[in-house]
Protein chains: 2
Amino acid sequence: MAQKPSIPKGTRDFLPDVMMRRNYIFDTIKTVFKRFENLSTLMGKYGDEGDKLLFRILNSGDFMSGVEQNGEPLDSQKLSSKICEKGLRYDLTVPFARFVVQYRDQIAFPFKRYQMQPVWRADRPQKGRYREFYQCDVDIIGSDSLLNEAELVQIVDEVFNNLKINVVLKINNRKVLAGIAEYIGKPDALVDITVAIDKLDKIGIDAVNAELAEKGLDNEAIAKLQPILFMQGTAREKMAQLKSLMSGIEIGTKGIEELETLFNYLDAMGLRIEYELDLTLARGLNYYTGAIFEVKAKDVAMGSISGGGRYDNLTGIFGLPNVSGVGISFGADRIYDVLNELNLFPEKNAENTEVIFLNFGKNEEIYCLPYLQQLRRQGINAEIYPDASKIQKQMKYADQRNIPVVVMAGETEINDKTFTVKWMKEGRQESVKAANLLEIIKK
Amino acid sequence: MAQKPSIPKGTRDFLPDVMMRRNYIFDTIKTVFKRFENLSTLMGKYGDEGDKLLFRILNSGDFMSGVEQNGEPLDSQKLSSKICEKGLRYDLTVPFARFVVQYRDQIAFPFKRYQMQPVWRADRPQKGRYREFYQCDVDIIGSDSLLNEAELVQIVDEVFNNLKINVVLKINNRKVLAGIAEYIGKPDALVDITVAIDKLDKIGIDAVNAELAEKGLDNEAIAKLQPILFMQGTAREKMAQLKSLMSGIEIGTKGIEELETLFNYLDAMGLRIEYELDLTLARGLNYYTGAIFEVKAKDVAMGSISGGGRYDNLTGIFGLPNVSGVGISFGADRIYDVLNELNLFPEKNAENTEVIFLNFGKNEEIYCLPYLQQLRRQGINAEIYPDASKIQKQMKYADQRNIPVVVMAGETEINDKTFTVKWMKEGRQESVKAANLLEIIKK
């Protein structure tokens, strides 16, 4: 036998049952998104260079023809920029920004879109990290109204409610973080501070403080930060405390106003989702400019399964400044793990074949086909075993596929215009008039 | 402004309305496929080298480190095999074969799968030919029963019936073609003959005969071929004529038997689709071993919009010989063109936002949100304009998106607990009790 077939490291095949489960997630998310926006967009691949994790596509044809070779050995980095013009999508955000800029005259703003597709990263593969994985993004761009944030929270609520996953939505605001940095007297240390406090759950308060000290924060600043890190209470209660701390700090006060407006929207919408204000939540801070979201599953230990935030200048990189947007991304692979761990996937049979006609030979086939049609036209997942193999083999197949109803027709049945129907679960078997097959199976 | 953003040559962006239409096609096909099989599979990318049209992915990291450089200029072809281990999917068939071989112990045969995803070819882009395009394949592998062919025809019937495209299904059989080559005394010229007659529609009979002569067929052989090329009548009538011609020619007779069995199945299934026996139909001959299919739209001049056939040794390339399969592929891009040309796409509003609440400010937003929720929970596509912009601007937006129902609430409405509902098509406007909004809009 030839060399064992395989796939590129860090990519995966999905066997049918896994794929069925993945589709369940995608369909659920998609259905929800569709309810919230009627626009869906497939983005083009982008040609970003320089990013080490980006998979590059070799120019086709004689790609070396343009490369000057003077006998010096060629260096990978220099060469790759000469022989590659395309790259695989690294995420969905940059192509989306490019798309918005390129088609801004044809898009009605505020523009909403959802997008689900694989992206690729030349990362070292490990558990839960793949080189090919799916992103599910929804973004609303061209409006700085906080109703858009509320809209995304609603989508999150709907998705996880439909998937039956209990989640808590952690909310923060970059302006509040900036305000905190200012409050403790270190406005310039904003990034250092947030990078550190973002790790609080993982490394604990001592390590966080050590890191802050290392970054040059004096004891006074660190001391002032502690009550904020351990602030207790509901979102509203925390807001009250924050307000007094932020009084006189412009950016912090703006952030609090934004949070307050958002919370008012969420309460007015009467969402089911549980949300909390998490002042240690930072995420890709340098990227976000307002609200920051993160979703955690409550009944299982797992990183965030969804997250996003407000970005005020995403399209700037493509020459269209000051277009504000807000987006959220669902981690399909982690959601899959959560559903698996909590055993929340629906009965596989939902998509399964419900009825199989066994195959006893040519005449029997011809006899069965019209009835097979009848069932299918009624939306029943029915099939006929394609070969007149040994009945044991056909039964084994029906069993493997756990098909609940097996229909048989041999010479006797043909002569009597009947079928023998076997109900696999009960093991019961009965003879039914061919004319009644549909209604009997429908029951 | 920065350099104008663009996408790789031969790839496309899809604006929302186009994407909606593409989804309509994909959803329709998918729905049908789901009815016929409960297995769907996402294939891994494959690393096939040597194919000029294959897009290669440059190894990440210091890809040149392993390449010996002795001062000699490096040649593209040799180099690419050293610096690329991955390639973009060129089609869905080869990855499918690889998948079947790799997972053969975990798959229940006969194995059916459908697959819809983009593939990439480093081809010269031109009208209707893209470097990134979608393939929709369905295959049944691990059974040589002709019921599988019938199954595929049924899917074709269902898909185009649901898309409301009138089609004719052309059917042929590679064994019959072999029989014809033998009948005219040129069994070894099978490929030359089929390549030539495959062009009959395009170049006409004289050119075909010229080509055959050029390929070394004598006048007698060419003369014997003519009545076959111009054979008239229904599939059954042609079969009768063929039978006599093929008497004593084993492979041809086998092919006729296969066609007859298939036709019997199709008739027993009572399909709506019109099918015909087309003896000039060849397609990827060297690839197919039995049935050959091609679907043409009747009401528009366009190449085939679907096609496939039986292949007896697809998995052989991966070391698993003698696994017979049959598959058919739908040309999503051409189907799109057909639907467009015949104006067969459903009302865009199907997926559109049905109701929009205009935005008069913070209090009005809070007033509207619970009712927005109410509508959404009832499955109505509703949204609220995110900003309290000028009403003309909001109305223009509702108009652009052609949203049929506009709901307004200002101070007066809030005090009276009412809404002003504007029906855009009729231009009619009415005041409704907030409590009645849902039922009134539902009508």
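The legends below describe close-up views of a predicted model.

**View 1. Contact of helix 10 of chain A with helix 12 of chain B.**
The crossing is right-handed. From helix 10 of chain A, the contact takes in Thr261(A), Asn264(A), Tyr265(A), Ala268(A) and Met269(A). On the side of helix 12 of chain B, the residues met are Lys362(B), Glu365(B), Ile366(B), Leu369(B), Pro370(B) and Gln373(B). Sorted by class, this contact of the two helices has six nonpolar, three polar and two charged residues.

**View 2. The five-stranded open sheet of chain B, with helix 12 of chain B lying across strands 10, 11 and 13.**
The strand order is 11-10-12-13-14, and the pairing is mixed. Strand 11 (382-384) and strand 14 (428-433) of chain B are the edge strands, each pairing on one side only. From one strand to the next, the twist averages 25 degrees. Strand 10 (residues 355-357) and strand 11 of chain B run parallel and are joined by three bridges. Within this pair, Ile356(B) has Glu383(B) in strand 11 of chain B as its bridge partner. Helix 12 of chain B runs at about 165 degrees to strand 11 of chain B.

**View 3. The seven-stranded open sheet of chain A.**
Its strands follow the order 3-4-9-8-7-5-6, with mixed pairing. At the edges are strand 3 (111-120) and strand 6 (274-277) of chain A, and each of them pairs on one side only. The twist averages 20 degrees from one strand to the next. Strand 4 (residues 132-141) and strand 9 (residues 325-330) of chain A pair antiparallel over six bridges. Asp137(A) stands opposite Ser329(A), which is in strand 9 of chain A.

**View 4. Strand 8 of chain A and its pairing with strands 7 and 9 of chain A.**
Strand 8 of chain A spans residues 306-311; six of its six residues are buried, so the strand is largely enclosed by the rest of the structure. Strand 7 (residues 291-297) of chain A runs antiparallel to strand 8 of chain A and is joined to it by four bridges. Here Glu294(A) stands opposite Gly307(A). With strand 9 of chain A, strand 8 of chain A makes an antiparallel pairing over six bridges. In that pairing, the bridge partner of Gly308(A) is Ile328(A).

**View 5. Buried and exposed faces of helix 13 of chain A.**
Gln394(A), Met395(A), Tyr397(A) and Ala398(A) are the buried residues of helix 13 (residues 391-400) of chain A. These four lie on the same side of helix 13 of chain A because they cover an arc of only 155 degrees around the axis. The cover over them includes strand 10 (355-357), strand 11 (382-384), strand 12 (405-408) and strand 13 (418-423) of chain A.

**View 6. Surroundings of Met64(B).**
Met64(B) is in the loop between strand 1 (56-58) and helix 2 (76-83) of chain B. The relative accessibility of Met64(B) is 3%, so the residue counts as buried. Not counting residues up to four places away in sequence, Met64(B) touches Leu74(A), Ser76(A) and Leu79(A) from chain A, and Gln69(B), Leu74(B), Leu79(B) and Ile83(B) from chain B. Between the C-alpha atoms of Met64(B) and Tyr265(B), 201 residues apart along the chain, the separation is 58 Å.

Key: Residues are numbered from 1 along each chain as its sequence is written. Chains are lettered from A and ligands numbered from 1 in the order in which they are written. This is a predicted model: local features need pLDDT of at least 70, side-chain atom pairs count only at pLDDT 80 or more; totals for chains, interfaces and linings use all residues. Side-chain values use heavy atoms; hydrogens and water are left out. A crossing is left-handed if the near helix is turned anticlockwise from the far one by less than a right angle, and right-handed if clockwise. Helices (H or I, at least four residues) and strands (E, at least two) are DSSP runs, numbered from the N terminus. Contact means heavy atoms within 4.5 Å. Ala, Val, Leu, Ile, Met, Phe, Trp, Tyr, Cys and Pro count as nonpolar, Asp, Glu, Lys and Arg as charged, and the others, Gly among them, as polar. Buried means under 20% relative accessible area, exposed over 50%, partly exposed in between (1.4 Å probe, protein chains only). The arc is that of the directions from the helix axis to the C-beta atoms. Two strands pair if DSSP finds at least two bridges between them. Axes are lines fitted to C-alpha atoms, for helices over the stretch in contact, and angles run from 0 to 180 degrees between N-to-C directions.
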